Structures are given as C-alpha cells and as structure tokens.
Amino acid sequence: MKNKYSILSLFKNALSYHENWQRAWRDPEPKKEYDAVIIGGGGHGLATAYYLAKKHDMKNIAVVEKGWIGGGNTGRNTTIIRSNYLWDASAGLYDHALKIWEGLSQELNYNVMFSQRGVMNLAHNLQDVRDLKRRTHANRLNGIDAVYLNTEQVKKFCPIINTSPNIRYPVLGGTLQKRAGTARHDAVAWGYARGADEMGVDIIQNCEVKGIKRNGDGVEGIETTKGFIKTNKIGVVAAGHSSVVANMAGLKLPLESKPLQALVSEPVKPIIDTVVMSNAVHAYVSQSDKGELVIGAGTDDYVSYSQKGSHEIVEGTLNAILELYPIFSRMRMLRQWGGIVDICPDASPIISKTSIKGLYFNCGWGTGGFKATPGSGDLFAHTIANDEPHKLNAAFNLNRFVSGDLVDEHGAAAVAH
Amino acid sequence: MFLINCPFCGEREQSEFKAGGEAHIVRPKQPTELSDDEWAEYLFMRKNIKGIQFERWNHIHGCRKWFNMVRDTSNDEIKAVYKMGEKPPVE
C-alpha cells in the first residue's frame with residue numbers, strides 16, 4: 001500500500017530530511033506470463049496500464065520500456081493541453097481527455113501541475129480568420145468552450161504580442177479556449193506509473209522488445225532483452241517507433257516518423273501567463289513554472305529516427321517568435337532537443353485493433369499526443385480489455401485508411417506537417 | 001541538418017531540398033481494378049524504416065529535379081544518391 005502524498009506527509013518527511021520517502025514504483029523482473037503487455041512506458045502506455053488495472057480489473061499486466069519511463073516524447077513535448085479540434089470525432093476524443101485532466105491530480109494523488117491558463121490560436125490572414133471562426137463554431141456545437149477574439153481582444157489577453165498592422169504577418173484575430181492549458185509532463189508519467197504500480201502492474205524498464213511471436217491468427221508473446229514474455233494481448237504504444245514494432249509482427253502502418261523540435265530559454269520572471277500558438281507563422285510559446293519560455297518548432301519533412309532536427313526549422317520558429325514578441329529579442333535559448341513523432345496522413349491518431357488477434361496499436365499522435373494522454377490511455381484500455389473500441393475511439397481505427405473515412409485534422413493540429 | 005550531393009548540382013545544404021518519401025512505390029497499372037485494401041496499401045501504408053531506407057528527394061531550391069537517395073534513418077547518414085530510373089545500388 002502506498003503512502004498518500006499530502007501536506008502532512010511533506011511535513012513528516014521534512015523532519016527526516018526527505019530521506020525516507022517511500023519508493024514510488026517497484027523495479028521488478030518480468031514474470032514468465034502476463035494477461036496483457038503494454039509496449040512503451042511513456043504517458044500513454046502507463047495511462048493504458050493504469051486504466052486496465054483500475055477500470056477493467058486486469059492486474060496481471062506489464063509495461064515494458066526500452067529506456068526509462070517518460071524518457072521519450074513524454075519528456076520532450078511542450079506540454080500543451082487543449083481540445084479545440086474541428087471534427088466531432090476529434091472533439092469527443094480530445095475533450096474526453098481534457099475532462100480527465102481536470103481531476104487527474106486528485107485521482108492520482110500526484111500533482112501533475114495542470115494549469116488551465118488558456119490556449120490562444122492566432123489568425124494572420126483572411127483564410128485563418130475564416131478557418132478559426134469555423135472551428136470556434138464547431139467547438140461550441142460540440143460543447144467545447146471557444147471564443148473568437150479580434151485583434152484588440154488578443155492584445156488585451158496577451159499584452160506582449162505585437163499587434164501592429166505593419167508586421168509581415170499581422171495578427172488579425174484569434175481563438176481562445178480557456179479550459180486549455182499546460183501540465184507537468186514528467187509528473188504525468190510518474191503519477192500514472194505510481195498509480196499502476198500500486199495496483200500490481202509490473203513496470204519493466206531497460207527492456208527492449210526484439211520480436212513479437214505469432215501464433216496462428218493471434219500472438220503468443222514478445223521477445224525482449226530480458227527474455228521471452230508470454231502473453232496473448234499486446235498493446236503497442238511506441239510513438240515514433242510504432243512502425244518498427246509493427247514490422248516485428250509483419251504489419252505495415254500508415255505512418256511516417258519525423259523529428260519534431262522544441263527549445264527553452266533561460267528562466268525569467270513571469271511574462272506570459274497563457275499559451276499562444278500560431279499555425280501560419282509557426283510559433284508557439286508558453287512559460288514553464290521555472291520561468292523558461294517553452295517554444296515548439298516544426299517537424300522536418302524527411303523520415304528520421306535520429307532525435308535531432310534541422311537548424312533552419314528552429315531558426316524559422318524563432319524568426320516568427322521575434323516578430324510577434326519583440327520583447328524576447330535579447331533572450332538566450334538554453335536547450336534544444338528533438339523527439340520522433342509518428343505522423344498519420346490525416347493528422348489524427350490510431351487507437352485500434354489490427355488484423356492480428358490480440359495485437360492493438362495506439363499510435364499516430366504525431367505532433368500533439370501529450371494533451372490526450374489520459375483519454376488515450378482510458379480508451380485504449382477499453383479497446384484492449386473488451387477487444388472492441390469505445391464509441392469515442394471507434395472512428396480512430398486502422399480501417400479508415402481503407403474505407404476512406406479519414407478524420408482530417410491538419411488545420412487543428414497546429415504544427416505544420 | 002546535413003549535406004546532400006544532388007546528382008545534377010553537387011553538394012548542397014539539405015534545406016535546399018524537399019523529401020518526397022519512400023521510393024520505388026509503383027503506381028498501379030490498372031487503378032480501376034484495385035480493391036480498397038490495395039488502394040490503401042498504395043496510398044497510405046509506408047515501410048517507415050529505422051535503418052537503410054530508399055527515398056525520393058527533390059532539389060526544390062536548385063535544379064528542381066527529382067532523384068533517389070539511400071539513407072540510414074537512424075543517424076541521417078546518406079549511403080548513395082542516384083537518378084530517377086537508375087537501378088538502386090545493391091547493398
């Protein structure tokens with residue numbers, strides 16, 4: 001039984017110099033056999049395990065992770081959470097996640113630092129204005145809070161934006177989702193890991209999957225660097241490496257893996273208390289609790305697993321940032337990194353069964369998976385436990401690439417790809 | 001960021017080029033006779049290899065010609081560059 005984190009436990013542990021905190025999760029060796037194995041110990045994978053144990057009473061399960069948990073894209077994203085997507089299917093999916101975010105810290109007894117500071121999307125040309133107005137209407141019809149702001153209202157909401165009509169791409173307006181915001185990405189992985197571990201889920205780190213053993217039309221287990229693990233249900237949540245794992249089972253996915261970069265500045269005093277995104281000039285920025293500006297750049301257009309992107313992508317983003325926020329012109333950037341994102345042709349994810357019995361994929365989140373972490377885990381757990389998708393992820397099946405029933409969210413994805 | 005040896009112009013910065021995705025995907029000869037599965041395979045399914053990948057590139061800010069490349073996607077090392085229509089190097 002895990003000790004509950006509270007102000008009292010903080011006080012108690014302070015008296016012993018914080019040297020006696022209970023371990024947040026075990027470090028077990030893999031058992032011979034599990035009822036289900038999740039491949040990938042990022043936020044989505046750990047959330048899947050958590051909800052499998054909590055809502056579907058599957059406790060004899062494991063999460064295998066080739067590195068350390070939360071060390072992939074979970075720890076590399078820019079932590080933006082919002083649900084202002086265009087189509088009904090996406091609205092259902094992302095708002096389901098947002099609703100879970102709103103109570104997540106309490107549910108996990110782990111502070112994920114969810115901060116509903118609002119997300120603003122800017123319009124820089126007439127088409128942007130029309131698209132964003134349309135999206136605002138679509139959001140409101142789906143019960144998602146969204147308002148359209150004119151230039152003055154944008155300036156009022158975020159005074160440091162340069163709204164002069166004389167810049168190259170002037171700000172013509174924007175949308176605001178007030179329930180949107182940010183969260184602490186590491187804490188999401190750690191909170192889910194702690195919660196899953198408490199219910200008996202084995203989280204096995206430094207364990208790379210090397211092969212998937214097939215058995216007739218189903219699966220028999222996985223070959224890993226820690227030996228063979230028998231299981232007849234495998235949930236793959238491997239983000240940029242989804243195609244690599246699919247290949248082990250003889251499957252091909254409609255994905256391309258590309259580097260996506262982000263960077264942070266030196267920490268400064270609070271200067272921007274919201275998240276501002278701009279599709280057209282490709283600049284998005286927020287400020288972390290430490291005071292760093294968190295800036296998201298775009299993807300490179302070539303397939304790469306190298307976890308590093310091209311310099312001109314970062315340069316392009318910073319050009320746009322400086323035009324929109326001249327106040328940042330003398331800030332120094334501290335760190336820059338890349339993550340590998342798996343992009344679907346329609347910029348929507350896949351949470352689906354496959355042609356192989358007992359093999360499930362949760363992938364294709366591309367540039368925007370973090371926001372969906374709790375919802376994705378919940379719906380993927382449902383899909384694995386019942387061998388049927390939940391109604392909220394039914395549209396995000398693999399078969400849509402055959403039927404043509406795509407969920408085109410390139411406009412709302414906000415990162416050009 | 002890396003340098004690409006365009007078979008027509010010589011070595012240039014990668015930012016002058018546009019990646020065109022997986023190479024040697026042959027357009028179906030009889031599109032009208034394809035099943036939905038075969039269309040999906042042709043249009044959407046990609047090998048997305050981690051390792052040696054054959055792909056198409058276009059020198060869009062140069063000669064604007066298409067060519068093929070063999071590249072290791074795990075470290076972006078270019079193994080070979082060859083013109084459209086030429087046989088891919090065997091490795």
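**Close-up 1. A:Asp95 and A:Arg179 pair in a salt bridge in this predicted model.** Their N-to-O distance is 3.2 Å. A salt bridge here is a side-chain nitrogen of Lys or Arg within 4 Å of a carboxyl oxygen of Asp or Glu. A:Asp95 sits in helix α3 (residues 88-108) of chain A, and A:Arg179 in the loop between β6 (173-177) and β7 (181-182), so the contact ties together parts 84 residues apart in sequence. Helices (H or I, at least four residues) and strands (E, at least two) are DSSP runs, numbered from the N terminus. Both A:Asp95 and A:Arg179 are buried (under 20% relative accessible area; exposed is over 50%, partly exposed in between; 1.4 Å probe, protein chains only).

**Close-up 2. A:Asp301 and B:Lys18 form a salt bridge.** The closest N and O atoms are 3.4 Å apart. A:Asp301 lies in the loop between β16 (293-299) and α8 (311-324) of chain A, and B:Lys18 in strand β3 (residues 18-22) of chain B, so the pair joins two chains. A:Asp301 is partly exposed at 22% relative accessibility. B:Lys18 is also partly exposed, at 39%.

**Close-up 3. A:Lys55 meets A:Asp378 in a salt bridge.** Their closest N and O atoms are 2.9 Å apart. Helix α2 (residues 43-55) holds A:Lys55 and helix α9 (residues 373-386) holds A:Asp378, so parts 323 residues apart in the chain A sequence are tied together. A:Asp378 is buried, at 6% relative accessibility.

**Notes.** Residues are numbered from 1 along each chain as its sequence is written, and chains are lettered from A and ligands numbered from 1 in the order written. In this predicted model, local features need pLDDT of at least 70 and side-chain atom pairs count only at pLDDT 80 or more, while totals for chains, interfaces and linings use all residues; side-chain values use heavy atoms, leaving out hydrogens and water.
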